[in-house]
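Subject: A structure for you to explore

Hi there,

Here is the structure I promised to pass on to you. Have a look at it first, and then read on for what turned up in it.

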Amino acid sequence: MKALILAGGEGTRLRPLTINTPKPIVPVVTIPLLRYQIELLRQHGIREVVLSLSYQPHRIEQVLGDGSSFGVRLHYLVETVPLGTAGAFKNAETLLDTATVVFNGDILCELNLTEVIRLHQDRQATATLVLTRVENPSAYGLVETEKDGRITRFLEKPALHEITCDTINAGAYVLEPEVLRWIPAAQAYSFEKGLFPALLKHSRPMSAFISDGYWIDIGTPQKYLQVHQDILRQRFSPALMVPSSLLEIAEVLCANSVVDPTCRIGEGCQILSSCIGSDSVIGRKAVIENSVIWPGVTIGESARLSGCIVGGHCEIGSNTVLSPGVVLGDRCRVTDYSRL
């Protein structure tokens, strides 16, 4: 079995972080995002992975290479024009000669993929969709199912009075090569609004796997911060082992945090539930909590950062205060005593 990861979006919801760094390789606890999905696939026996890309594909290939260093073989396909989710699957047709696991490139989840594949095969499904439960499904597309797991209806972003269940499309699928003939070539086409309703209309067997494990779409700064907190506080244990902090400096308080060992940390700092990227310099008595700091950042003495995301190679002045919700793109400079 092979896998296809849909990673062609420009990451506009995550800007300014994705202006210089494409979303598939934004660091999540210092590890490129797609490495978590690739490791999940590898642990469940899938060694051949196709990456469908569009935005800054060469940057992604520079980071991930051919996949051999982490036990898989990577193929790269680049869309010259946006093709949508199903269109990207069709674009990879020459490489997909067997049942294929498909992931949206901006999700992180706990998923027993072996069980999903077994269910798909046992039910002889044309398509199996992984579903997850959410408290408020009105912002998503609902997927209705029978008790035996058969999918019966799709409902995009329902009004409150239309909500009949709490299961939504989790952005992970197992698809048979048969579905390729239902997708038009060389044009934008969607799984959610095009292919899946068409399969249902033509009575093709569609099955659901409802996952109760952790699931998140990291497409916004708020969700990006949340996944860091969930990992650092061990509410989410991804397939790929995250690095442990190697920080051992006198008079520094470091709790629930990951700090790259190349960082220089001043005395009296407090680093709480935060992630500090490589080659960063943190001045004396700085306080950083619930924040994500990308590589090469300089933070001055007595600065206080809470609930922030700081892009690569920024300069944060002494005695500066950055409040929750602040997001800085790469190479920003914030002068001493500023308040953001």
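A pocket here means an open set of grid points with protein on both sides within 12 Å along at least five of seven lines, and its volume is the space filled by probe spheres set on the points. Please keep in mind that this is a predicted model.

**The largest pocket**

With that in hand, the largest pocket holds about 1,300 Å³ of space. Its lining is made up of 44 residues, and those nearest the centre are Arg13, Thr85, Asn104, Asp106 and Glu192. Several elements give two or more residues to this lining, among them strand S1 (2-7), helix H3 (84-91), strand S11 (167-175) and helix H5 (191-201). Which strand gives the most? That is S11, with five residues. Sorted by class, the lining has 18 nonpolar, 15 polar and eleven charged residues.

**Aromatic rings**

A stacked pair is formed by tyrosine 214 and phenylalanine 236, at 4.1 Å centre to centre with 10° between the planes. Tyrosine 214 sits in the loop between strand S12 (206-211) and S13, while phenylalanine 236 sits in the loop between helix H6 (221-232) and strand S14 (253-255), so the pair ties together parts 22 residues apart in sequence.

Elsewhere, arginine 35 lies over the face of phenylalanine 70, 4.1 Å from the ring centre.

**Two cavities**

The count of cavities of 30 Å³ or more comes to two. The largest cavity holds about 90 Å³ of space. By class, the lining has nine nonpolar, one polar and no charged residues.

The second largest cavity has a volume of about 50 Å³. Tyr214 is among the residues that line it, as are Glu110, Val130 and Trp215. S7 and S11 are the elements giving two or more residues to this lining. Its residues divide into eight nonpolar, two polar and one charged.

**An open sheet**

Finally, look for an open sheet of five strands with parallel pairing, in the order S15-S18-S21-S24-S27. Why do strand S15 (258-259) and strand S27 (327-328) count as the edges? Each has a single partner strand, so one side of each is left without a neighbour in the sheet. Strand S24 (residues 309-310) pairs with S27 in the parallel sense over two bridges, and valine 310 stands opposite leucine 328 in S27.

Enjoy exploring!

Conventions: Residues numbered from 1 in each chain as written. Predicted model: local features only at pLDDT ≥ 70, side-chain atom pairs only at ≥ 80, totals over all residues. Heavy atoms only, no water. Pairing = 2+ DSSP bridges. Helix = DSSP H or I, 4+ residues; strand = E, 2+ residues; numbered from the N terminus. 1 Å grid on protein atoms, 1.4 Å probe; cavity = no way out; pocket = protein on both sides within 12 Å on 5 of 7 lines; lining within 4 Å. Nonpolar A, V, L, I, M, F, W, Y, C, P; charged D, E, K, R; others polar. Phe/Tyr/Trp six-rings, centres within 6.5 Å; stacked < 30°, edge-to-face > 60°. Lys NZ or Arg CZ within 6 Å of the ring centre and 35° of its normal.
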